[in-house]
Amino acid sequence: MQTNWRLFKVYLLAGTFTFSGGMAMLPVIERELCQKSQLISKDDLYEYTTLAQTFPGVIALTNACFVGKKINGTSGMLVAGLGAILPAFVLMSAATMLYQQLPQTGVILSVLTGIRAASAGLLFSAAYTLARYNLRDFWSIFLALACFGLTLFNLLSAPTLIIIAAVVGLLVNWSQRKEFH
Amino acid sequence: MLAIIVAFLKIGFLGFGGGYAMLSLIFAEAERFGLTVQQFADLNALDGIIPGPIAINSATYVGQLSGGLGTALAATLAVCVPSLIIVPLYTHFETKLNDHWQVPAMLNGIKAAAVGLIMAIAALLLLTLVFQVTDITRWSGKSADWLSLLIILFVAIADLRWQINPLLLILMAGLLGGLSYYL
């Protein structure tokens, strides 16, 4: 019970002070769970982090569930997961309710126009950063460009493209393996 | 509400590779949710302001806009389902998934696709916000919102080059937009 309460508190804290994406939670989790309470080893935490990235779903939540499950079984998994998403849900629904109350006219519309432009700028920057880490060979660049064009001209939907890309990734890797042997 | 739950289950199970990959799936379903391009841009800005994983924030936002708090909760829980299924299954079987080459190979393909998807969404946002066209084939090149274009370029460079806090960039852009109203 005490362990569960501690897990919940740590994830609630990490979830409250993590901006733009869940991965930024990690340093807080490491400090609280690995160093202070020594509930899980650093190696385990990072292995779960890598593992969480290979599965579909919310990476930060999957990671929290793995850690919670390891430390305290199914109940640990549930409290850690709840702690990881509760702040985002509460703060975001409050923010969205406020946003819905905003009259979209006059000076407020102008403020929102500026914010929307900033939002587009941040997306360009995110795309560029992702490109730098993920586009390393001919095939990945080709896939990225194809998805860009097909989405821009509205020819194929994102879910279809993601499935095709997974298959292409498999085939390319498979053919490269055959060349080695 | 059922449609939203199904949509976010789909987004969860196809959402490999992090929040931005999921964001592109949300953009693809935006029309079905009744979400305008402007509201999608606002969602991305709120993601930068409100703490938490992008997918959770997005599910809450889309649910709240389309059906209030109950729908927001349903959408958020739906996007959580993959994690709650995968973690017990994996720990039960303990198969060393990373020993198989297929998983990283598929992820490489998906991550490359995500780059293209995000870039396309950014370009579509630019077209909508600056040139007021939602479809690139209808681009006429007439009236353009130069202030928006300037902010887009400045924010992208400021974020990449000087690592200025996104929160600060959003606030500055809002202030600049507000000032432009009085000019």
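**Exercise 1.** Determine the helix content and the end-to-end C-alpha distance of residues 142-172 of chain A.

*Solution.* Residues 142-172 of chain A are 84% helix and 0% strand, with end C-alpha atoms 12 Å apart; helices (H or I, at least four residues) and strands (E, at least two) are DSSP runs, numbered from the N terminus. Next take residues 78-99 of chain A: this stretch is 100% helix and 0% strand, and its end C-alpha atoms lie 31 Å apart. Both ranges carry the annotation "transmembrane region" in an unreviewed UniProt entry, which also lists 7-28 and 105-130 of chain A. Such annotations may be inferred rather than shown by experiment.

The model is predicted, and local features need pLDDT of at least 70, side-chain atom pairs 80 or more, while totals for chains, interfaces and linings use all residues. Residues are numbered from 1 along each chain, chains are lettered from A in the order written, and side-chain values use heavy atoms, without hydrogens and water.

**Exercise 2.** Describe the interface of chain A and chain B.

*Solution.* Start with contacts (heavy atoms within 4.5 Å): 82 residues of chain A touch 99 residues of chain B. Then list the salt bridges (a side-chain nitrogen of Lys or Arg within 4 Å of a carboxyl oxygen of Asp or Glu). The count is 1, and it joins B:Asp42 to A:Arg116 at 2.8 Å, N to O. Finally, assign the chain A side to helices: H1, H3, H4, H5, H6 and H7 each supply at least two residues. H5(A) gives the largest share, 25 residues.
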